[in-house]
Amino acid sequence: MKSFFDYERPELAATLHPSFRATQLFKAVYQRRVENLDSITELSKGERAALASEWDIRLPALYRRFESVDGTRRYLLQLADGELAETVFIPEETRNTICISSQVGCALACTFCLTGQLGLTRNLTAGEMVTQVLFAQRDNLSEEQIDSFNIVLMGMGEPLHNYDNVMKAIRILHDKHGLNMSMSRMTLSTAGLLPAIQRLAAEPHIPNLAISLTGATNTKRNELMPINRKYPLEELLAAVRQFPLKHRQRVTFEYVLLKGVTDSLEDAQNLVKLLRGIRAKVNLIPLNEADELDYRRPSEMAIQRFQQVLIDNGIAAYVRKNRGNDISAACGQLKKMVV
Ligand code: SF4
C-alpha cells in the first residue's frame with residue numbers, strides 16, 4: 001500500500017486514470033476529511049475498491065496525548081516503523097498554531113536543546129509531516145474553526161537537513177485542492193544551513209523564514225550551536241539579507257535567553273548590530289529549564305531589559321510565552337518523553 005499523503009497532486013494524477021481523480025481525491029481527503037475511500041460516493045464501487053487496495057489514507061496511530069493546563073496539547077504519533085513523531089497544538093485567541101517535527105531527533109546538537117541530545121534517528125517523509133498537521137487539526141478544531149491555524153516547522157529536527165521531504169510536504173499543504181495553506185501561514189525555522197537557505201530562496205513558493213540565532217557573536221554561537229563553526233554568522237546574515245521577502249514580510253529570529261550566557265546588555269547590543277538593515281522580528285525565548293540542561297532561565301527583569309534594548313533600537317521584539325511547559329511541549333523540550 002502506498003501512503004496517499006506522500007504524494008503531490010500532479011504525481012498522483014500521473015498514476016491515476018482519468019487523471020482528474022487526483023483532484024477529486026485531494027478534495028475528499030483534505031477538504032471533506034473522508035477517512036475511508038469507500039465513502040467517496042462520486043466514484044463507482046469498483047473504482048473505490050481499486051483505489052482502496054492501493055492507497056492508504058489512514059493517519060498515524062496516537063501513541064500518547066498530553067494536555068497542558070494552558071490548553072496546549074503534545075502528541076506522540078506512531079509511525080509505520082514504530083518511531084514516534086512529536087507534534088504540538090498551541091491554542092490562541094486569534095490563531096492556533098500546529099508545530100510539527102521534520103525529523104526523529106536532530107543531528108545539530110545545540111547545547112540548550114533537549115532534542116539535540118537525542119542525535120538523529122531518521123528523516124520524516126513528506127506524508128509523515130502532512131499527517132501530523134491533519135491529526136492535530138482534526139483533534140482540536142471544530143468545523144467552524146477548521147482552517148484557523150498556522151503551521152510552524154519548529155518541532156524535532158532541522159527542517160533544511162531534510163530539504164526535499166520538507167518542501168514536498170509544504171507543497172502538499174499549499175495545494176489549493178487540499179488544505180490550501182497559504183505560504184504566509186507556514187514558517188520554517190532553521191539553525192542556519194546556509195546552502196539550503198540559498199536553495200530555499202530560489203523556490204517558486206517560499207514559506208516564512210525563521211532563524212534560530214541564540215548567540216550574537218561567533219564565539220558565543222560556536223559554543224551553543226555547533227553548526228555556526230561551519231556557517232558563521234556573517235555568512236548566515238549575508239544570505240538572510242539576500243532572502244526574497246514580500247511587502248511587509250519579515251524574517252523571524254529566535255533567540256533563547258540563557259542566564260549569564262546570552263542575556264546581558266552587551267549581548268542585546270551585539271544583536272542590534274547584527275540585525276542592522278534586516279527586516280527582522282525577534283522572538284525572545286526565555287529558557288525552559290530541564291534537569292538535563294546546565295543552563296538557567298534569566299530573571300524577569302533581565303528578560304525585560306534585554307527586550308527594551310531591541311525595542312529602543314527599532315527592532316520588533318516579543319517575549320515568547322511559555323506554553324505547554326508542564327507537558328514537555330515547550331520550545332527545545334521535545335525529546336520523545338512518554339511520561
Ligand atoms: S535547536 Fe533545532 S537545530 Fe538545534 S538541536 Fe534543537 S532541534 Fe536541532
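At what angle do the axes of helix H7 (residues 194-201) and helix H10 (residues 233-242) cross? The legends below begin with this pair of helices. The structure is a predicted model, in which local features need pLDDT of at least 70 and side-chain atom pairs count only at pLDDT 80 or more, while totals for chains, interfaces and linings use all residues. Residues are numbered from 1 along each chain as its sequence is written.

**View 1. Helix H7 beside helix H10.** The two axes cross at roughly 5° and come within 10 Å. Axes are lines fitted to C-alpha atoms, for helices over the stretch in contact, and angles run from 0 to 180 degrees between N-to-C directions. H7 and H10 are therefore roughly parallel to each other, a term for angles under 35 degrees. Helices (H or I, at least four residues) and strands (E, at least two) are DSSP runs, numbered from the N terminus. From H7, the residues Leu194, Ile197, Gln198 and Ala201 meet Glu235, Leu236, Ala239 and Gln242 of H10; two residues are in contact if their C-beta atoms, placed from the backbone, lie within 7 Å. The contact comprises 5 nonpolar, 2 polar and 1 charged residues. Here Ala, Val, Leu, Ile, Met, Phe, Trp, Tyr, Cys and Pro count as nonpolar, Asp, Glu, Lys and Arg as charged, and the others, Gly among them, as polar.

**View 2. The open sheet of 10 strands.** The strands follow the order E3-E4-E5-E6-E9-E10-E11-E12-E13-E14, with mixed pairing. Strand E3 (61-67) and strand E14 (316-319) stand at the edges with a single partner strand each, so one side of each has no neighbour in the sheet. Direction ignored, neighbouring strands of this sheet are turned by 20° against each other on average. Two strands pair if DSSP finds at least two bridges between them.

**View 3. Pairings of strands E5, E6 and E9 within the sheet.** Strand E5 (residues 84-90) and strand E6 (residues 96-99) run antiparallel and are joined by 3 bridges. Thr97 in E6 is the bridge partner of Ile90. A hairpin of 5 residues links E5 to E6. E6 also pairs with strand E9 (residues 149-153), in the parallel sense and over 4 bridges. In that pairing, Asn96 stands opposite Phe149 in E9.

**View 4. Strands E12 and E13.** Strand E12 (residues 251-257) pairs with strand E13 (residues 280-286) in the parallel sense over 7 bridges. Phe253 is placed opposite Val282 in E13.

**View 5. The surroundings of the ligand.** The residues around the ligand are Cys106, Leu108, Ala109, Cys110, Cys113, Thr115, Gly116, Gly157, Glu158, Ala191 and Ser212. A residue is near a molecule if its C-beta atom, placed from the backbone, lies within 6 Å of it. By class, this shell holds 6 nonpolar, 4 polar and 1 charged residues.

**View 6. Domain 1 (2-56) and domain 2 (61-327).** The domain bounds come from an automatic or database domain assignment. Taken over C-alpha atoms, the centres of the two domains are separated by 33 Å. Their contact takes 10 residues from domain 1 and 13 residues from domain 2. On the side of domain 1 that touches domain 2, helix H2 (residues 21-31) gives the largest share, 4 residues. That side of domain 1 divides into 3 nonpolar, 2 polar and 5 charged residues.

**View 7. Backbone details at Pro18 and Arg33.** The peptide bond from His17 to Pro18 is cis, with omega near -5°. Pro18 lies in the loop between helix H1 (9-15) and H2. Arg33, although not a glycine, has a positive phi of about 55°. The loop between H2 and helix H3 (45-54) contains Arg33.

Methods:
Parallel < 35°, antiparallel > 145°, perpendicular 65-115°, else oblique.
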